[in-house]
Amino acid sequence: MRKLAPSILSADFGKLAEDVAAIEKGGADLIHVDVMDGHFVPNISFGAPVMKCLTGRTGLPFDVHLMIENPDSYIEDFMTPQTEYITIHEEAATHLNRSIQHIRSLGVKAGVSINPATPLYTLDYILEDVDMVLLMSVNPGFGGQKFIPSVLEKVRKLAEIRKTGGFNFEIELDGGATLDNVKEIMDAGVDILVAGSAIFKTEDITGTTMKFKEIIGR
Ligand code: DX5
Ligand code: ZN
């Protein structure tokens with residue numbers, strides 16, 4: 001089943017629980033949690049305490065995207081009964097295999113992410129160990145940026161590699177998704193779509209979530 005993971009980075013933090021209830025009502029599958037440290041990316045977002053405040057207030061699972069240096073030191077912080085995925089960046093992990101095993105040892109799905117200019121071959125020796133590959137379609141750090149179209153080719157190649165290699169990971173895409181390009185993105189082979197500003201910066205968050213879901217579900 002293809003999934004929609006709205007990113008709360010673009011939500012109104014003053015009424016976060018309300019915004020999350022709106023995407024839940026619209027049929028969102030996951031809550032995408034964008035954690036930024038001001039080092040790996042040039043912006044600071046929020047940390048585990050904010051995410052933990054949502055635990056129990058929503059039935060949706062968390063899809064944690066760590067855009068941070070030294071991810072190993074913080075993985076446990078993001079463990080809650082609702083955490084389904086924890087994703088770290090290949091560019092930020094010195095011992096990627098160890099970090100992925102660490103995440104899996106906690107009983108959650110492990111994801112690896114790469115920036116738009118990072119080649120797929122950097123993942124050659126980790127694909128069999130991950131549950132998800134997150135392809136960035138903007139340079140990470142900010143919501144509301146323009147989609148980088150060359151990532152579609154990367155999605156297609158990765159889907160092909162998965163097929164020929166007999167791998168099982170899901171493919172997630174993050175950044176610049178809108179109602180106008182979502183069909184093209186999903187057709188390339190995406191399993192989980194992240195959308196932030198295109199959902200939370202609209203008047204009708206529930207209605208927009210439903211529109212995304214309608215296209216993704218096809
Ligand atoms: C970028 C984040 C994305 C971002 C997506 O650093 O990882 O999840 O919030 O936001 P939009 O959909 O607005 O590009
Ligand atoms: Zn993200």
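Two strands are said to pair if DSSP finds at least two bridges between them. Strands (E, at least two residues) and helices (H or I, at least four) are DSSP runs numbered from the N terminus. By that rule strand E3 (residues 62-67) is joined to strand E4 (residues 83-89) by five bridges, and the two run parallel. This is a predicted model, in which local features need pLDDT of at least 70, side-chain atom pairs count only at pLDDT 80 or more, and totals for chains, interfaces and linings use all residues. Residues are numbered from 1 along each chain as its sequence is written, chains are lettered from A and ligands numbered from 1 in the order in which they are written, and side-chain values use heavy atoms, leaving out hydrogens and water.

**The sheet**

- Eight strands make an open, parallel sheet in the order E1-E8-E7-E6-E5-E4-E3-E2.
- Strand E1 (3-6) and strand E2 (31-36) are at the edges with a single partner strand each, so one side of each has no neighbour in the sheet.

**Strand E2**

- E2 pairs with E3 in the parallel sense over six bridges, and Ile31 stands opposite Phe62 in E3.

**The zinc ion (ligand 2)**

- His32 (NE2), Asp34 (OD), His65 (ND1) and Asp174 (OD) coordinate the zinc ion at 2.0 to 2.2 Å.
- Donors are N, O and S atoms within 2.8 Å of the metal (3.2 Å for Na, K and Ca); water is not among the atoms, so sites may look incomplete.
- Along the chain, the donors follow the spacing H-x1-D-x30-H-x108-D.
- Asp34 in strand E2 and Asp174 in strand E7 are 140 residues apart, and this pair links distant parts of the chain.
- Asp34 counts as buried because its relative accessibility is 4%, and Asp174 counts as buried because its value is 7%.

Note on methods
Buried means under 20% relative accessible area, exposed over 50%, partly exposed in between (1.4 Å probe, protein chains only).
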